Amino acid sequence: MNSFPWLTLLIVIPIIGAIVLAAMPRESVTQAKKVALAVSLITLIVTIVTLFQFDSDSDQAFQLVNSYSWIPALGVKFSLGLSGISIVMVGLIGVLMPLVILGGWNEADDAIGSVKGYYSLMLTLQALLFGVFMATDRFLFYIFFEAVLIPMYFIIGRYGGPQRQYAAVKFLLYSLVGGLLMLVAVIALYVQGASQLGEGTFDLSALSTLQLDSGIQKWIFLGFFIAFAIKAPMWPVHTWLPDAAGQTTPGSAVLMVGVMDKIGTFGMLALCLPLFPEAAQFFAPFIVVLALISIIYGAIMALGQRDIMRLIAYTSVSHFGFIVMGIFAMTSQGMSGATFYMLNHGLSTGALFLIAGFLISRRGSSLIESFGGVHKVAPILAGTFLLAGLSSLSLPGMSSFVSEFLVLVGTFETYQWAAIIATVGIVLSALYILWLYQRTMTGPVAPGCENFTDLNTREKWSVGPIIALIIFFGFFAAPVLNAINPSVDRVMQQVGVVDPQPAISDNVTIPVDENAVVPLEREANDGEGGQS
Amino acid sequence: MNLTSSLIASGQESEAVEASVNYAMQASGAFTWMWLLIAFPLFGAAFLLLAGRRTDKWGHWLGVAMSLASFATAVVMFFAMIASPDADRSQTLHLWDWIAVGRFEVPIALHLDQLSMTFVLLITGVGSLIHIYAVGYMAEDPARRRFFAYLNLFVAAMLLLVLADSYLVLYFGWEGVGLASYLLISFFQYKPSAAVAGKKAFVVNRVGDIGMSIAIMLMFVTFGSVTFEGVLGNVGMASETANTWIGLMLLLAACGKSAQFPLQSWLLDAMEGPTPVSALIHAATMVTAGVYLIVRSGPIFEAAPTAATAVIVIGAITLMFGAIIGCAKDDIKKVLAGSTMSQIGYMMLAAGLGPIGYVFAIFHLVAHGCFKANMFLGAGSIMHGMNDQVDMRRFGALRFVMVGTFITFSAGWLAIMGIPPFAGFFSKDKIIEAAFMHGWIPGLVAAIGAGITAFYMTRLWTMTFTGKARWTEDNQHPHESPKIMLIPIAILAFLSVSIGFILAYGDAIINWLTPVTGYAEQETVLNHYIIEYGTLAMVIAGAVIAYLQYRRDVPITPPQHVSALTTAARRDLYGDAFNEAVFMRPGQWLTRSLVFLDSRVVDGAVNGVAALAGGLSGRLRRLQTGYVRSYGLWMLIGAVVLLGFLILVRV
């Protein structure tokens, strides 16, 4: 059952690194950075080794499982496993961490907290993020879900900008409300499981076999969903994100927006849908509407921002709208696209935040109006910023195009009107990215930007790999999608939906003149879907 | 007139030839190398961008070499195609699997047939000439290497667009050329106007991309496929509603890329780009991509008469729109841009006519690619010699100081007017004749448009080359451009003279393209001699009026008391004013309001609800000071709820 503990190692290595860093003297600034970088590189190697052991053709729901008994009385296990959905997030965390440390090399130098403390928190955050995406036990998932808040809270509160206290508390309050709701839902689910299965369990595979009463199912679903919607974040519970992202350090913003927020969308796809198929289908139209509002609203808000970090945060609200829409479209294209989107958004937003960090460290301001004509003094900096921006606006050739188009196509199959309205997002994204580029990078060189140096080697090594990955996956998306597809198919089975047939295959008119949502068809034998 | 008569046997309704293109044949022989067409310029672009300043000295020559290598490959492909029987001229090359989720499977695959071959030759041929020209034109620019990288990127993307074997890969190239266009329009980034123009072009094109996205999505839910084979081969099985919507959405996409009404506004601003860019991207190739899209999707429009009519209407409107703008502009590049808009309107109109027009849409596209590139490069040559002056009111009498430019430009001028035997005569007359086959209105619009074309082109030619010099030696000192610029212009001028005859001779272009596009003839509503001579008379009238009017003294400052139409035309027929009133201002208002609401209402409401729900209002202050205690409290609350649930459910 248990394979070599690769997944456990992914959690243990950064934790050891965090402890070592915490034990170092406060004065050792450069050593701390080097230790953090070294630990993150070792973790990256383990991540890569792990990824290569994942078998896309396997019929297992979870691979490389590490399962240890933890609290037998409650049936709680410390069990980790990789699905096609979590693997993209695990890869993303492993890749981003060393690049974030490299890119934000000096970002903690002037904070009230110590430098070693910063990197200790960052590595802790990494370990917990690995945990939350790999946990196959609901209770363990909940523990990680809540624990992630702790290092993030301290990073914002001790290393952030002038408004850091406000941002940190707001971040915490929002997350706690969601966390509480989820706790209730987790317990309710446990109780249901205990009464139906005879013994309490938090195991996902076992729980997904439950036959839940539709009323109870809806309530538990909502408990999970609201927690995830706050995390994602979706309109109207998104307002903590711009404050948090605007105040925290660029490096931690990458982890927060690029990775941590994906817990929300990951949870919707990997937990909500398999566990509560009926409730998910019941709420899907409402959630699609909320997602649609997020797409348009986030984009318009991004247009109105004066601060680069806040602008990027709002673009993420828009992108998360796409991800959620793809998930609740309940088609294989929508879900696989949404999963791939999680990876691609992490990469492009990661690059944007890192480069924004380079800009801010040079100028000492994150206001858009402080910049201008940077292209003339730092062409490589401007070029990488443009590339990251093009990825954000989903230009073909960038991996984000593949995922965004899959989400659109997948949504179009079941919610035609939603996909059509969402295409407005492709115009708005072009507008907010290119307008940002125009104001910061073109025109005459703004006062204060004359002495900008171009990217140094460290900075190039920080964003270069991200951009290379974005372009590589843009041309060769199939390998990643092949890993994602089996897990998405499994979710489709568990929910009991199949992709609609093309109009010509059964000679029905296409839904364009029906003006209505195509009803999701339940598969005849959906009871068996959950197990494998 | 004998030549044209031999092309279309008038009065006789001959049988229509159906398109017979086969999208499924795997490439073999020389065609397995067709990926090289794209690989050369793509490598050039990537290398020049990554290698950095070390390659500044010779980078532009690498750019030229890559473009020429692609052209040479194209020529090899062309001869291989000529040597093949008709049935083997359509070849598909599967490269790798790009996207595969469920039924949505899209490989990166290329498709070469007579239609894409025509484009490949035009893109690489004219493209290479413009690369060479730009070596001279951009000689003084410190960022010349980057310029050539972008040009190579453009060529690669444009080739992907025309070689795609599915709509999604076409979309890939479609956006790629959009990116190259953006980068090149805003190439002089230090100029705010250039940066704004580039952004505008991209954003307006994205509005068109809404159409492209929806069209592709509709194709997928209708046909279960987005490849040409899967879509175009099954058009007959889909409902007319589906085909109509797909057609209309494709038309929206085409309007964006080809600067057709109502998405035309970006093209005039795009003239901020360096002139070789205007010639290559915004005249000869990229802006014709919409025409390619419509012609390629012919079966859809044939199954959806409403959509086809919409194409004709859009083409006819833009044809007049561009021509009217062209009459009032004083900026030589903007006159040419208005003219481009108008000429593409002709092509669109022809494409909307169906099998009677497809061939001539492409014919005119190729001819236009040659003579418009010729004239744009000529305009660039003038600017090069006159300190980047573009105001025609400050030109005059340049025929004496720029003899080479004058002669070559004149060839383009005669070609676009359609004076026999120059290129435009063969291609545009065919469109006008086909328009009259369809009915009176498109026919008359096309014919009158020809007269207006002659007017504004002659106005340009007269103001620039004849009359008195309105420049002074000390501030302009016009001089002829170097050979590296003149030779490409000369080649294009030669093509402006000859390409029409070459392609029309023995119905070459019709025979060549018919297997892909199909071909049909119908009776015209008007005797075709009347059409031909009538059009020619209108052209001559337009030219003579313009010559007489602008040969005299032209005031250096534009007269203010002019007709309402002239004022409107000078302001691009209020296209920008419309956009500003309908989209920009409401958009700005919406953005400001939402930003305000987000911080006050949404944020406030959520905070308020949270506070109320948890009875937290009094505790908020304390939370800001002591987080750990509160967290403990929350856990306590959670535990209580847990217990409550356990008790409730168990009981």
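**Entry 1: contacts along the chain.** I looked up the contacts in chain A with a separation of 6 or more, and residues 24 or more positions apart account for 82% of them. I note that this is a predicted model.

**Entry 2: overall form.** I then checked the dimensions of chain A. Its C-alpha atoms fill a box of roughly 70 × 55 × 40 Å along the principal axes. I recorded 22 helices and two strands in chain A.

**Entry 3: surface and charge.** Of the 532 residues of chain A, 68% count as buried. The chain exposes about 16,000 Å², and carbon and sulfur atoms supply 64% of that area. I also looked up the charges: chain A has 22 positive and 31 negative ones, and their mean positions are 17 Å apart.

**Entry 4: the nonpolar core.** Which residues have the most contacts inside the largest nonpolar core? I found Met256(A), Met325(A), Phe328(A) and Leu168(B), in a core of 442 residues. Leaving out residues up to four places away in sequence, I listed the contacts of Met256(A), among them Met152(A), Phe171(A), Trp240(A) and Asp261(A).

**Entry 5: Leu204(A).** I placed Leu204(A) in helix H8, which covers residues 204–207 of chain A. Is Leu204(A) buried or exposed? Its relative accessible area is 10%, and buried means under 20%, so Leu204(A) is buried. Beyond residues up to four places away in sequence, Leu204(A) touches residues including Phe62(A), Arg138(A) and Leu271(A). I also looked up Leu469(A), 265 residues from Leu204(A) along the chain; their C-alpha atoms are separated by 32 Å.

Methods:
Residues are numbered from 1 along each chain as its sequence is written. Chains are lettered from A and ligands numbered from 1 in the order in which they are written. This is a predicted model: local features need pLDDT of at least 70, side-chain atom pairs count only at pLDDT 80 or more; totals for chains, interfaces and linings use all residues. Side-chain values use heavy atoms; hydrogens and water are left out. Helices (H or I, at least four residues) and strands (E, at least two) are DSSP runs, numbered from the N terminus. Buried means under 20% relative accessible area, exposed over 50%, partly exposed in between (1.4 Å probe, protein chains only). Contact means heavy atoms within 4.5 Å. Accessible areas come from the Shrake-Rupley method with a 1.4 Å probe; for residues, only the protein chains shown count as cover. Lys and Arg count as positive and Asp and Glu as negative; His and the chain ends are not counted. The place of a charge is taken as NZ of Lys, CZ of Arg, CG of Asp or CD of Glu. A nonpolar core is a set of buried Ala, Val, Leu, Ile, Met, Phe, Trp, Tyr and Cys residues joined through side-chain atoms within 4.5 Å.
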